[in-house]
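I am opening my notebook on a structure that is new to me.

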Amino acid sequence: MTDNYEHYITRNIKAFYKRRLFSPIIYLLLLAILWLVFPLGDMLRPHMLKADETLQNSYQDKNRYVRTTFYDLRFTGYTSESHGQTRGYFYYTIRDKQCEIVLLSPNTCEEGLPTIDSLRVTGRIVQGQETYQTLLSNLSDDLDWTSDGINSQLNAYYFSEPAYHRYVTTFLFIVYFGTMIYSALYLLTCLLFIRFPVLSPPCQNLIIFGHPSQMLAEAEEELATLPQLATEDMFITEHYFIMTSPYGNAIIPIHEILWIYKYSTLHKFLWYHFNISYTMHIIGNKHLYVHCPKNTKSDIDGIMDYLAEANHNILVGFSEENRLKVEAVQGKPLHIEKFYALLRRKV
């Protein structure tokens with residue numbers, strides 16, 4: 001028995017999925033870092049601002065995203081503009097014996113209602129910048145106050161509903177949790193295939209021809225005892241064609257193969273030609289499709305010649321005539337079969 005090929009297929013399937021653990025792990029770590037560095041948790045679960053809690057105190061406690069209820073809001077007559085459009089409407093209200101400024105979205109305040117008796121709203125506490133200082137300056141002129149006088153009555157923070165970016169935030173979390181779930185499921189799937197290689201797609205594709213575990217064991221036994229033809233990552237045994245490349249694994253019963261052909265790919269960068277690689281395509285019964293990329297011409301020619309000798313019914317070479325013959329044998333697949341065949345190719 002050749003030790004190098006003992007459980008060779010299983011070992012390569014495990015190695016294939018071990019290499020794919022890196023990307024989801026790194027991505028999940030990146031998501032965790034983003035959660036810790038940026039206030040994503042606060043955006044997802046805004047702080048409930050109590051009636052006796054001021055905006056300044058909440059901001060200093062690092063509760064920037066808040067949800068609260070304002071009472072007796074009165075329109076100041078001023079708006080916030082951005083790129084020629086009205087971004088929000090400034091209101092003022094008395095909260096815990098202190099006057100506070102509230103910027104509401106146009107839809108929330110129906111584009112400037114004079115007064116709003118009660119409003120429950122989610123937003124962000126913002127430190128006043130140039131626009132806010134301009135507002136205070138205009139208010140001081142309206143009230144015939146000095147700048148120092150109005151600044152003593154209004155703190156440097158205000159509530160902004162538009163700064164919460166509701167739709168952007170919703171989209172952000174859909175992408176965040178969607179990709180997190182996908183990465184976690186992909187990671188678990190890879191771990192499952194590493195633990196149980198027979199459940200991986202290369203083995204489960206055999207279910208259309210028989211029992212996957214039995215056929216895997218038979219292919220392993222034939223490859224370990226007497227491989228009839230071997231290249232770097234393609235093998236032929238008495239009953240199976242086997243591929244164990246960095247791009248994927250495959251096990252195909254030779255008597256189920258209908259058509260084989262190859263095509264070449266020229267690899268170049270700008271005007272410099274690096275090399276030519278060859279890809280072998282194998283079409284089997286029941287719409288099984290496997291491609292073996294980035295091989296040398298001699299390896300593929302040797303495999304194709306041997307397969308043609310092992311099964312004289314195999315069609316060799318790409319042509320419209322061969323395509324029609326295969327279609328006549330397979331028939332046109334139903335939509336669900338086409339979709340399943342596409343999934344098999346992608347996996």
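I call a residue buried under 20% relative accessible area, exposed over 50% and partly exposed in between (1.4 Å probe, protein chains only). The model is predicted, so local features need pLDDT of at least 70 and side-chain atom pairs count only at pLDDT 80 or more, while totals for chains, interfaces and linings use all residues. Residues are numbered from 1 along each chain as its sequence is written, and side-chain values use heavy atoms, with hydrogens and water left out.

I looked up salt bridges, meaning a side-chain nitrogen of Lys or Arg within 4 Å of a carboxyl oxygen of Asp or Glu, and the count came to seven. In helix 11 (residues 320-330), I found Glu321 joined to Lys325 at 3.4 Å, N to O; Glu321 is exposed at 51%, whereas Lys325 is partly exposed at 40%. Arg323 bridges to Glu320 at 2.6 Å, N to O, and also to Glu327, with the closest N and O atoms 3.1 Å apart. Arg323 and Glu327 are four residues apart in helix 11, which means about one helical turn between them. I also noted a network of salt bridges that links Lys262, Lys297 and Asp301.

I then turned to helix 1 (residues 8-19) and helix 7 (residues 166-195), which pack at an angle of about 160° with their axes 8 Å apart. The two are therefore roughly antiparallel, a term for angles over 145 degrees. Lys14, Tyr17 and Lys18 of helix 1 meet Cys190, Phe193 and Ile194 of helix 7, contact being heavy atoms within 4.5 Å.

How values were computed. Axes fitted to C-alpha atoms, helices over the stretch in contact; angles between N-to-C directions. Parallel < 35°, antiparallel > 145°, perpendicular 65-115°, else oblique.
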